[in-house]
Amino acid sequence: MSKQPIGIFDSGVGGTSIWKEIHTLLPNEHTIYLADSNNAPYGPKGKQTITNLCVKNTELLIHKDCKLIVVACNTATTNSIDYLRKTYNIPFIGIEPAIKPAALQTKTNAIGILATKGTLSSALFSKTTDLFASNIKVIEQVGDGIVSLIENGNLYSEDMKLLLKNYMQPMIDVNIDCLVLGCTHYPYLIPLLKEMLPKHITIIDSGEAVARQTKAILKQNNLLNTETSTINSQFYTNGDVSVLKPLIGNNYTIDYLDF
């Protein structure tokens with residue numbers, strides 16, 4: 001089983017930020033990435049709808065013989081990963097906003113969290129916030145419109161810049177010193193955010209931690225691929241292939257798949 005691929009899915013192209021971290025840390029691992037762009041964003045959808053989409057993605061990756069599945073979507077993780085773990089006999093790696101490191105790092109006792117509605121309203125998010133950030137000011141901001149702009153190829157557009165300025169200003173006003181990115185699409189915003197945020201604000205995302213956890217679980221289950229033959233990274237999208245391509249580069253093939 002160690003030669004079988006790692007499966008990764010997201011509500012679109014954003015989870016490629018997680019794929020990059022996994023590929024960097026685990027260069028010998030084959031990967032299959034599913035961009036469910038046709039159903040993006042997951043954030044505004046109800047819990048049952050999100051779970052149904054996760055089941056669809058999971059069953060496709062299992063059909064493609066994946067040995068482990070990374071749910072590269074904060075909304076999907078916070079709403080559905082418990083169900084997936086109870087239902088399927090395969091390891092799952094989830095993603096949730098990096099509240100703990102932000103709470104430990106803050107000097108101003110104020111942190112900002114930019115995430116989808118589906119993540120911010122989830123029970124898991126609430127539990128994590130209560131556990132690690134009960135004594136600090138937490139400014140939550142729903143990132144309405146961000147995922148749609150990215151999925152439509154408008155990452156660095158003026159509309160995006162205006163949206164981010166409106167979302168960041170209330171956080172700047174209360175002197176946050178850590179900004180948690182609670183959606184896998186959002187690391188692609190870091191160049192824009194660095195232009196508009198004061199220098200003392202640290203931007204935190206979960207990518208590296210997810211890659212480390214993926215490695216740990218593979219090792220624990222004796223699933224690490226130790227062979228160094230040609231590594232196969234497959235990408236599938238049910239949306240516009242041209243949106244995914246600039247995010248992963250020209251070395252990989254992207255196939256349209258109706259799923």
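In this predicted model, helix α2 (residues 47-63) and helix α3 (residues 74-87) have axes that come within 9 Å and cross at roughly 70°. That angle makes α2 roughly perpendicular to α3.

**Helices α2 and α3**
- The crossing of α2 and α3 is right-handed.
- On the α2 side, the contact is made by Lys47, Ile50, Thr51, Cys54, Val55 and Thr58.
- On the α3 side, these residues meet Thr75, Ala76, Asn79, Ser80, Tyr83 and Leu84.
- Sorted by class, the contact of α2 with α3 has six nonpolar, five polar and one charged residues.

**Helices α1 and α10**
- The axes of α1 and helix α10 (residues 207-220) come within 8 Å and cross at roughly 50°, so α1 is oblique to α10.
- α1 passes α10 in a right-handed crossing.
- From α1, the residues in contact are Ile18, Glu21, Ile22 and Leu25.
- From α10, they are Gly207, Glu208, Val210, Ala211, Arg212, Thr214 and Lys215.
- The residues of this contact divide into five nonpolar, two polar and four charged.

**Glutamate 29**
- Glutamate 29 sits in the loop between α1 (16-25) and β2 (31-35).
- Its relative accessibility is 2%, so glutamate 29 counts as buried; the cut-off for buried is under 20%.
- The side chains of glutamate 29 and lysine 67 are joined by a polar contact of 2.6 Å.
- Leaving aside residues up to four places away in sequence, glutamate 29 touches Ser2, Gln4, Ile6, Lys67, Leu218, Leu223, Leu224, Asn225 and Ile231.

Methods
Residues numbered from 1 in each chain as written. Predicted model: local features only at pLDDT ≥ 70, side-chain atom pairs only at ≥ 80, totals over all residues. Heavy atoms only, no water. Helix = DSSP H or I, 4+ residues; strand = E, 2+ residues; numbered from the N terminus. Buried < 20%, exposed > 50% of the residue type's maximum accessible area, 1.4 Å probe, protein only. Polar contact = N/O pair within 3.5 Å; in protein donor to acceptor, adjacent residues only side chain to side chain. Contact = heavy atoms within 4.5 Å. Axes fitted to C-alpha atoms, helices over the stretch in contact; angles between N-to-C directions. Parallel < 35°, antiparallel > 145°, perpendicular 65-115°, else oblique. Left-handed = near helix turned anticlockwise from the far one by under 90°. Nonpolar A, V, L, I, M, F, W, Y, C, P; charged D, E, K, R; others polar.
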